[in-house]
Amino acid sequence: FQPASGQQTFSANHASPVRSLAISGDGKLLASGGDDMLVKVWSDAGAPAAKPQLAGLPGPVASVAFSADGSTIIAAGSAPAAADKPAGPQVVVFGVATGTADQYYSEHAGPVLAVAALPDGEKGTQVVSVSADKNVRLWSVAALTQLAGHTGPITALAYSPSDKSLI
């Protein structure tokens, strides 16, 4: 939708409900994730991107996020076991240019409900994931950190670039 006019300019066109949307930092791509187990990528003109459909979570996609540089999309949800990936809650990192699932993380014990990408110049992109297992996990390719102390399921998160805090 165009905020000024209220005119619809685009539809994500999933076969089932859409649960999450993310816009790349440069504003040129939109990612959508839904119950159809797909992450779809769209250009700013509303047309499918070069690699328009990303598959890798054989379960509903609860959350999507772009890395700060727009080169990766992080998707979260829960998945049953498959030959090439473990069962349970997962975070999948997709290469935008290739459309392939490059990494799988399954450190949470409950459904992964939200993800966010944090820019970190020295370490590359760090990812934060939250789960119904009452944990926040901060990780990069090299390391995983758990932020403990929650007493209930964590269903959402946000990153404040101005003061570099998680909310």
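Among contacts in the protein between residues at least 6 apart in sequence, what share joins residues at least 24 apart? The figure is 32%, with contact meaning heavy atoms within 4.5 Å.

**Before you click**

You have a predicted model open, where local features need pLDDT of at least 70, side-chain atom pairs count only at pLDDT 80 or more, and totals for chains, interfaces and linings use all residues. Residues are numbered from 1 along each chain as its sequence is written, and side-chain values use heavy atoms, with hydrogens and water left out.

**Stop 1: the whole chain**

Start with a cartoon view. You'll find zero helices and 14 strands, so the pattern along the sequence is β-β-β-β-β-β-β-β-β-β-β-β-β-β. Both kinds of element are DSSP runs numbered from the N terminus: helices are H or I with at least four residues, strands are E with at least two.

The protein exposes about 8,600 Å², and carbon and sulfur atoms supply 55% of that; accessible areas come from the Shrake-Rupley method with a 1.4 Å probe, and for residues only the protein chains shown count as cover. Of the 167 residues, 42% are buried. Here buried means under 20% relative accessible area, exposed means over 50%, and partly exposed is in between (1.4 Å probe, protein chains only).

**Stop 2: the largest nonpolar core**

Select Val-39, Val-64, Ile-73, Ala-75 and Phe-94. These have the most contacts inside the largest nonpolar core, a group of 14 residues. Such a core is a set of buried Ala, Val, Leu, Ile, Met, Phe, Trp, Tyr and Cys residues joined through side-chain atoms within 4.5 Å. The largest share, three residues, comes from β5. In soluble globular proteins, nonpolar side chains tend to be buried together.

Center on Val-64 next. Leaving aside neighbours within four places in sequence, Val-64 is in contact with Ser-20, Leu-21, Ala-22, Ala-31, Gly-33, Val-39, Ile-74, Ala-75 and Val-115. Apart from the core around it lies another, of eleven residues, among them Val-93, Tyr-105, Ala-117 and Trp-139.

**Stop 3: Ser-63**

Stay in strand β5 and pick Ser-63. Ser-63 is buried, with a relative accessible area of 7%. Its contacts beyond four places in sequence are Ser-20, Ile-74, Ala-75, Ala-76, Leu-113, Ala-114 and Val-115. The C-alpha atoms of Ser-63 and Ser-20 are separated by 5.0 Å, although the two are 43 residues apart along the chain. The side chain of Ser-63 also reaches the backbone nitrogen of Val-115 at 3.1 Å. That is a polar contact: a pair of N or O atoms within 3.5 Å where, within protein, one must be able to donate a hydrogen and the other to accept it, and residues adjacent in sequence count only if both atoms are side-chain atoms.

**Stop 4: the aromatic pair**

Jump to Tyr-105 and Trp-139, both buried. The count of aromatic pairs comes to one. Tyr-105 and Trp-139 form a tilted pair, 3.7 Å centre to centre with 35 degrees between the planes. The rule takes rings of Phe, Tyr and Trp (its six-membered ring) whose centres lie within 6.5 Å; planes under 30 degrees apart count as stacked, over 60 as edge-to-face and the rest as tilted. Tyr-105 is in strand β8 (residues 101-105) and Trp-139 in strand β11 (residues 136-139), so the pair ties together parts 34 residues apart in sequence.

Ser-129 is buried at 1% relative accessible area, and its side chain makes a polar contact with that of Trp-139 (3.3 Å).

**Stop 5: the end of β10**

Ser-131 lies in strand β10 (residues 126-131) and counts as buried at 0% relative accessibility. Its side chain reaches the backbone nitrogen of Asp-133 at 3.0 Å. Then select Lys-134, in the loop between β10 and β11, where phi is near 75 degrees, a positive value in a residue other than glycine.

**Stop 6: the salt bridge**

Finish with the structure's one salt bridge, defined as a side-chain nitrogen of Lys or Arg within 4 Å of a carboxyl oxygen of Asp or Glu. Asp-35 pairs with Arg-19, the closest N and O atoms being 2.4 Å apart. Asp-35 lies in the loop between β2 (29-34) and β3 and Arg-19 in strand β1 (residues 18-23), so the bridge ties together parts 16 residues apart in sequence. Asp-35 is partly exposed at 22%, whereas Arg-19 is exposed at 53%.
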